[in-house]
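This report describes a few features of one protein structure in plain terms. Please keep the sequence and the 3D view at hand while reading.

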Amino acid sequence: MRFLMVLVLVILTATPAAATAAPGVITGRSAALHPEGIAWDPLRHAFLLGSIRRGTVEVVRDGTTKTLISDPRMVSTFGVHVVRDRVYVAYGDMGLGARSTPETTYRSSGLGVFDLATGRPVHVVDLAIGPGRHSANDVAVDHAGNAYVTDPASDALYRVDRGGRATVLARDPRFGSDTIGLNGIVWHPRGFALAVRYDTGALFKITRSGRVSEVALDRPLVGGDGMDLRPDGTLAVVTNSLGAPGEAAVSVLRSGDDWGSARTAHRVAPWGDDEPTTIARSPHGSYVVDGDLGVLVGGTGLSDAHTLREFRESRGRHGGEPVASGVIV
């Protein structure tokens with residue numbers, strides 16, 4: 001009996017995966033955080049959240065947050081992406097940050113690159129290139145370390161190389177909008193970016209040389225925000241109605257022709273939270289963040305609440321096509 005008890009104790013202490021498995025819903029509170037972007041931090045085994053209000057990047061565990069990155073040049077932080085030892089942060093100013101001023105609103109725009117271990121800046125790159133309004137929103141990174149940054153207030157897609165040098169990769173009238181234009185972006189290993197236009201729901205394919213083509217969709221992704229290119233080649237897209245007549249949903253798209261066209265393979269609508277913005281993969285599954293942005297965008301106040309909800313796909317009981325579920329069972 002004593003041997004059996006010792007054996008059980010050894011097994012329990014040698015298998016930490018069960019103890020570290022993330023819950024289906026993480027509800028947190030952090031004063032006026034209002035995160036829009038989310039990424040997985042493999043170093044700390046935790047999520048990273050941006051902050052439209054504070055302009056920081058926060059480490060979140062069990063709903064509590066601790067600041068990793070705080071740079072005064074960033075008024076609001078949007079898309080967050082981790083690649084190897086670097087954190088890539090798209091920053092801008094839509095007039096919603098605690099440090100917003102008339103001089104920085106739609107003028108402060110760029111990409112911050114930081115050391116993942118320390119949070120110290122490697123590059124902070126100004127992307128307010130050319131006339132008009134600017135506010136960078138999301139970032140994707142290729143295998144060579146080049147970053148691709150969207151700007152929903154402009155008609156351009158920017159490229160920043162690993163040395164911090166910025167160029168306009170593509171400028172196209174189809175990117176421009178009177179409200180919110182080119183938003184979420186991912187990099188495909190076949191050598192092109194996929195980016196969604198928020199207000200119309202159009203999806204674009206942009207090659208490394210800057211050639212732009214529109215992906216033919218079975219339904220537009222109106223309110224298209226954060227995206228994730230998944231290991232099976234499908235694309236998860238979060239939509240919301242914060243600034244367009246979209247729906248709070250998560251759609252999974254599949255392409256059979258190298259993203260000349262795509263169809264909706266799965267869709268969860270309505271999503272479990274009202275204002276989802278971005279999705280990130282972790283060893284514990286894919287999670288969608290809701291930063292309670294409605295009160296901030298609507299000018300009705302500030303909120304301390306944020307939610308990370310798991311996006312699950314499970315096969316039906318008859319073994320058919322996988323069915324996505326935002327409900328934790």
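In this predicted model, the largest pocket holds about 790 Å³ of space. Its lining is made up of 33 residues. Those that lie nearest the centre of the pocket are His81, Val82, Asp228, Leu229 and Arg281. By class, 19 of the lining residues are nonpolar, 8 are polar and 6 are charged.

Which strand gives the most to this lining? Strand E6 does, with 5 residues. At least two lining residues each come from E2 (38-41), E6, E10 (139-141), E14 (182-188), E18 (224-229) and E22.

**A buried strand and its partners**

Strand E14 also pairs with strand E15: the two run antiparallel and are joined by 5 bridges. Within this pair, Leu182 stands opposite Arg197 of E15. The hairpin of E14 and E15 has 3 residues between the strands, and Gly191 takes a positive phi near 100° there.

Strand E15 covers residues 192-197. Is E15 enclosed or open to the outside? A residue counts as buried when its relative accessible area is under 20%. In E15, 6 of the 6 residues are buried, so the strand is largely enclosed by the rest of the structure. Phe192, Leu194 and Val196 point one way from the strand, while Ala193, Ala195 and Arg197 point the other way. The buried residues of E15 thus include a charged one, Arg197.

E15 has a further antiparallel partner in strand E16 (residues 203-207), and 5 bridges join these two strands. Here Val196 stands opposite Leu203 of E16. The hairpin of E15 and E16 has 5 residues between the strands, and in this hairpin Gly201 has a positive phi near 80°.

**Backbone angles in the loops**

Most residues other than glycine have a negative phi, and most peptide bonds are trans.

| Residue | Phi | Relative accessible area |
|---|---|---|
| Arg84 | near 55° | 51%, exposed |
| Trp259 | near 65° | 3%, buried |

Arg84 is placed in the loop between strand E6 (76-83) and strand E7 (86-92). With a relative accessible area of 51%, Arg84 counts as exposed because the cut-off for that term is over 50%. Trp259 sits in the loop between strand E20 (249-254) and strand E21. At 3%, Trp259 counts as buried because its value is under 20%.

Where is the cis peptide bond that joins an alanine to a proline? This bond lies between Ala269 and Pro270, with omega at about -5°. Pro270 belongs to the loop between strand E21 (261-268) and strand E22 (276-282).

**A buried serine**

Ser109 is found in strand E8 (residues 109-115). The relative accessible area of Ser109 is 1%, and the residue is buried. A polar atom of the Ser109 side chain lies 2.9 Å from the backbone nitrogen of Ala136. Leaving out residues up to four places away in sequence, Ser109 touches a set of residues that includes Tyr91, Gly92, Val125, Asp126 and Leu127. Also among them are Ala128, His134, Ser135, Ala136 and Asp151. Ala136 is therefore both a residue that Ser109 touches and the one whose backbone nitrogen lies 2.9 Å from the polar side-chain atom, a distance within the 3.5 Å limit for a polar contact.

Methods: Residues numbered from 1 in each chain as written. Predicted model: local features only at pLDDT ≥ 70, side-chain atom pairs only at ≥ 80, totals over all residues. Heavy atoms only, no water. Helix = DSSP H or I, 4+ residues; strand = E, 2+ residues; numbered from the N terminus. Buried < 20%, exposed > 50% of the residue type's maximum accessible area, 1.4 Å probe, protein only. 1 Å grid on protein atoms, 1.4 Å probe; cavity = no way out; pocket = protein on both sides within 12 Å on 5 of 7 lines; lining within 4 Å. Points joined across faces, edges and corners; volume = space filled by probe spheres on them. Pairing = 2+ DSSP bridges. Polar contact = N/O pair within 3.5 Å; in protein donor to acceptor, adjacent residues only side chain to side chain. Contact = heavy atoms within 4.5 Å.
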